[in-house]
Amino acid sequence: MTALAKTSPAGAAGSPIAGRHPVLRFLPVRAGRILVELPDLETTLALLASLENEPIAGISELIPAARTLLVAFDPSQLPPARLVDEISGRDLSTAPAATGPLVEIPVRYDGEDLAEVAALLGISEAEVVQRHTAADYTVAFTGFAPGFAYLAGGDPLLDVPRRKTPRTQVPAGAVGLAGAFSGVYPKTSPGGWQLIGSTPLAMFDLGRDPATILQPGYRVRFVDMAGSHRPTAIAAHRRKASRQVAGKEIAAAQMHILDAAFPVLFQDLGRPGQASQGVSISGAADKASLKAANRLVGNPPDTAALEITFGRFRFRMKGAGVMALTGAPASITIEAANGATLAAANDAAMALEDGDTVSIGEATHGFRSYLALRGGFAVEPVLGSASGDTLAQIGPRALTTGDRVDVLAAPMGALVSTVQTIHPDLPKAGEVVTLDVTLGPRTDWFTLQAIASFLSQDWEVTPQSSRVGIRLKGSALERSDTRELPSEATVQGAVQVPASGQPVLFLADHPLTGGYPVIANVAAHHLDLAGQVPIGAKVRFNALGPFAEIGAAS
């Protein structure tokens, strides 16, 4: 992004990249990612349609939001300056007409906030319902949670702010309003939308194909269940045929879990390309360690392995196998069936015999270890991946004490590595780890003093951290722009700053879209390191590129 950012106004941290189109701003995210800011939703959808109808070679993904479009691209194939020129030259004068199927959603207008919304708008509850059911909506974009669609095109009077204090739990099927959008919560989750009703319709069901009822471009109509009209059948969805785990019938061994101090997750390289269903990539928090574990035992790099948080895991083998443990280093003890005990090394392949009991101790550095077995685990993928996404609640369930997992036979030609992997030093509690960041896209929403503070202080990693994100504690960051930010796409490594001023560094299970400004994004080469920062460690951010002098001046 440096080549583009040099055209930004001097001293304006996180300022836009120059482009030829008068209504566009190109905001830095990190190498291979830019955020295009547009004046309104209609222009955003016009750009999205233009790039989908006349694609630019090198773009890998587009994630629309209320007034922005996140563009993921390959800089080696598509130089950033050329990408900006290509987008700037597009005709955005006409928004595309919605041509997707019509979905009718039955609603009981019994929401907790219906009376408050009516009072806020100065109309009756009956008129709120009448206006909400009279309009036709379009699925503008998805995000927040799998199956959550932002519905645009409703009655302009029904423009209400989010609740000042979000609810800690909103039930699945709740129908709500926020700004100019309507939406339906696909599953129980926290949320701050104004609730005006509920629907019995399942908005997200992995037993359907596709899993989500609403996708960008679909048309939507709400139907009052108190009336006589019956919603039409929903087309374009079918039940999935039942299937078995591939290869399960040729299991070569089995893992019996004797002790799991913390939930153990299956992880692979994630599920890209599911943004239209509101699903982020997820995958291993430290993908390099996952690939290293698979390489050591002769598996393809994207084979599912076990992500073990903080260690303390014990299992017994039924049948022989080959194991490797990478990532956060921990002691490995093998108790053979004949009573012999031996210690094994991290980052190396080790042979296991039938009846061997393997005990993994607490991680001494880092936070997450990756355990691979030759042949891989017999686990059914969900939306093309075996990753357990803790935020979206998608993927195989976490393993616990007493579970048994089949291990598949290795394919012909799979070679076990005899070379020990050299893993970089990982931080431990009390230590300071430095993460490189690109400032932006919303750095200019913060005071210069806050930006300097962000880059100069050591941020403490709190126990509230998870695979969703690292919650940091330090001197609060003050915003210069206190407006409510329309929802926009976020990426792994985004450092989002909520109203408290305490940053959250998003990890693998981050939401697809977020509503708080992102002050910076962790550089791609430090994403795996961010996934290994343990609770109690401290994080310092180092700005790359043209804005690094802000940190140096503090």
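1. **D354 and its loop.** D354 sits in the loop between β23 (350-352) and β24 (357-363). Helices (H or I, at least four residues) and strands (E, at least two) are DSSP runs, numbered from the N terminus. D354 touches M317, K318, G319, A320 and A337, not counting residues up to four places away in sequence; contact means heavy atoms within 4.5 Å. The C-alpha atoms of D354 and I105 are separated by 55 Å. Along the chain these two residues are 249 residues apart.

2. **Basis of the note.** This is a predicted model, in which local features need pLDDT of at least 70, side-chain atom pairs count only at pLDDT 80 or more, and totals for chains, interfaces and linings use all residues. Residues are numbered from 1 along each chain as its sequence is written, and side-chain values use heavy atoms, with hydrogens and water left out.

3. **Overall form.** The protein has nine helices and 35 strands. The C-alpha atoms fill a box of roughly 80 × 65 × 45 Å, taken along the principal axes. Of the 554 residues, 55% count as buried. Buried means under 20% relative accessible area, exposed over 50%, partly exposed in between (1.4 Å probe, protein chains only). Among contacts between residues at least 6 apart in sequence, 73% join residues at least 24 apart.

4. **The six-stranded sheet.** The order is β22-β21-β24-β19-β16-β26, in an open sheet with antiparallel pairing. β22 (341-344) and β26 (404-408) stand at the edges with a single partner strand each, so one side of each has no neighbour in the sheet. From one strand to the next the twist averages 25°. Axes here are lines fitted to C-alpha atoms, for helices over the stretch in contact, and angles run from 0 to 180 degrees between N-to-C directions. Strands β21 (residues 330-335) and β22 run antiparallel and are joined by four bridges; two strands pair if DSSP finds at least two bridges between them. I334 has L342 in β22 as its bridge partner.

5. **Strand β27.** Six of the eight residues of β27 (residues 432-439) are buried, so this strand is largely enclosed by the rest of the structure. β27 pairs with β35 (residues 538-543) in the parallel sense, over six bridges. D436 stands opposite N542 in β35. With β34 (residues 518-522), β27 runs antiparallel, joined by three bridges. There V437 stands opposite V522.

6. **Helix α4.** L114, V117, A118 and L121 are the buried residues of α4 (residues 114-121). They cover an arc of only 100° around the axis, which puts them on the same side of α4. The arc is that of the directions from the helix axis to the C-beta atoms. Their cover includes α5 (125-134), β9 (174-178) and β12 (194-198). Exposed A119 and L120 lie on the face turned away from the buried side. G122 follows α4, with a positive phi near 75°.

7. **Aromatic pairs.** A search of the whole structure finds 15 aromatic pairs. Rings of Phe, Tyr and Trp (its six-membered ring) pair if their centres lie within 6.5 Å; planes under 30 degrees apart count as stacked, over 60 as edge-to-face and the rest as tilted. Y137 and F222 have ring centres 5.2 Å apart and planes at 80°, so the pair is edge-to-face. This pair links distant parts of the chain, 85 residues apart: Y137 is in β6 (residues 137-142), F222 in β14 (residues 219-224). Y137 is buried, with a relative accessible area of 2%. F222 is buried too, at 1%. The rings of F313 and F315 have centres 5.8 Å apart and planes at 40°, so that pair is tilted. Both F313 and F315 are buried. Ring pairs also link F141, F144, F148, Y150, F181, Y185 and W193 into a cluster.

8. **T68.** T68 lies in strand β4 (residues 68-73). T68 counts as buried, at 2% relative accessibility. Leaving aside neighbours within four places in sequence, T68 is in contact with L35, V36, E37, L38, T44, I63, R442, E488 and A489.
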